[in-house]
Amino acid sequence: MTEIVKKSAPIILEEINKAKSILLHCHPSPDPDSVGSALAMKFALESLGKKVTLIQGDNEIPKAFEFPGVETIVKKSYGEINTADYDLFISQDASSKGMISFLKEVIFPENMKVIVIDHHASNVGYGHINCIDASYPATAQMIFDLLKEMNIKITHDIALNLFMGIYTDTGGFQYGNTDYKTFDIVSELTELAPEFAKTIFTMNNSKSKSALIFDGLAISSITEYYNGILVIASVNFDQITKNNINKEEIYSSNISNEIKSVEGYYIGACMIETEQNIVKVSFRTRDENKYDVSRLAVALGGGGHKAAAGVRLNMTMNEAINKVVETTKIIYNL
Ligand code: AMP
Ligand code: MN
Ligand code: MN
């Protein structure tokens with residue numbers, strides 16, 4: 001447990017104790033760290049007798065996420081709820097207000113306290129209380145430490161949700177941010193939720209045919225820049241509609257990950273025009289020290305981690321590709 005988390009725990013608990021109605025959310029293109037952290041927090045707050053609403057946010061939760069409590073997530077985005085109904089909002093795994101919703105400007109009403117719990121280095125702290133610690137590999141691992149410090153019992157359902165967040169954000173324990181502390185925690189979580197492997201298997205083996213077609217389109221489009229330092233896959237809106245690709249099933253990070261797995265390629269970028277003139281970009285790197293992609297993403301207006309980052313660009317695909325290529329040159333002095 002870090003000092004930041006240790007110090008934040010009693011302050012956060014005090015706000016929770018005061019609150020009557022608490023709002024939680026998942027971030028756009030929800031990943032297991034977002035969904036798992038939110039569900040774990042929901043179960044924890046309910047164990048304290050609190051009234052909690054967890055909204056899915058901008059996008060649907062992938063069907064492959066068979067996490068305990070997933071059926072209780074309200075299918076609304078931040079702009080679709082009445083924020084005046086809540087006196088506490090706990091935002092997790094969202095590095096900026098944009099990662100709460102891109103659909104509409106995110107406004108916090110005066111009567112609503114905002115707590116931010118996050119592990120993104122690019123998070124500037126947009127809440128009244130900010131528990132931000134980039135030394136954690138996953139928000140879910142922060143929640144584990146926070147719950148322990150608050151003396152909240154980790155149940156089976158909390159454990160499985162936290163496990164899925166930690167498992168995914170460490171890339172299945174392969175990223176540099178995984179250490180013995182992660183394994184200590186995961187040891188406890190998997191003892192509480194021994195069926196964890198089944199939940200991982202379901203998540204990784206529920207692909208539809210259209211998702212495979214998307215992968216094919218993306219991989220066949222790859223273009224090298226700067227001798228392979230940057231390699232871009234791009235799929236535009238027309239291709240997505242023509243091939244009836246279900247947008248909720250596009251995992252851009254699989255493609256950027258695949259690209260960076262090629263020897264000689266350093267930054268993998270997957271660029272998808274999810275709506276006309278809205279390009280979602282996912283960056284992954286094999287060398288986070290030399291090519292820290294959070295710097296690239298932040299320069300483009302997005303955020304993320306050294307090895308995994310992203311941004312949304314409101315422009316045509318061609319403009320977006322040019323912008324990424326040019327910004328890469330500037331950021332890494334190529
Ligand atoms: P992804 O490639 O979508 O898996 O995202 C990788 C990381 O970058 C995640 O930690 C996200 O939180 C972050 N990220 C992705 N898109 C954005 C964005 N538009 N703004 C800020 N952070 C982002
Ligand atoms: Mn996330
Ligand atoms: Mn995360």
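## A metal site and an open sheet

Asp33 is buried, and His119 is buried too; buried here means under 20% relative accessible area, with exposed over 50% and partly exposed in between (1.4 Å probe, protein chains only). This is a predicted model, where local features need pLDDT of at least 70, side-chain atom pairs count only at pLDDT 80 or more, and totals for chains, interfaces and linings use all residues. Residues are numbered from 1 along each chain as its sequence is written, chains are lettered from A and ligands numbered from 1 in the order in which they are written, and side-chain values use heavy atoms, leaving out hydrogens and water.

Let's start with the metal. Asp33 (OD), Asp93 (OD), His119 (NE2) and Asp169 (OD) coordinate the manganese ion (ligand 3) at 2.1 to 2.2 Å. Such donors are N, O and S atoms within 2.8 Å of the metal (3.2 Å for Na, K and Ca); water is not among the atoms, so sites may look incomplete. Asp93 also bridges to the manganese ion (ligand 2), and the two ions lie 3.6 Å apart.

Now for the sheet. Six strands form an open sheet in the order 6-7-8-9-11-10, with mixed pairing. Strands are DSSP runs (E, at least two residues), as are helices (H or I, at least four), numbered from the N terminus; two strands pair if DSSP finds at least two bridges between them. Strand 6 and strand 10 each have a single partner strand, so one side of each is left without a neighbour in the sheet.

| Edge strand | Residues |
|---|---|
| Strand 6 | 223–225 |
| Strand 10 | 303–304 |

Further in, strand 9 (residues 278–285) and strand 11 (residues 308–313) pair in the antiparallel sense over six bridges. Phe283 stands opposite Ala309 in strand 11.
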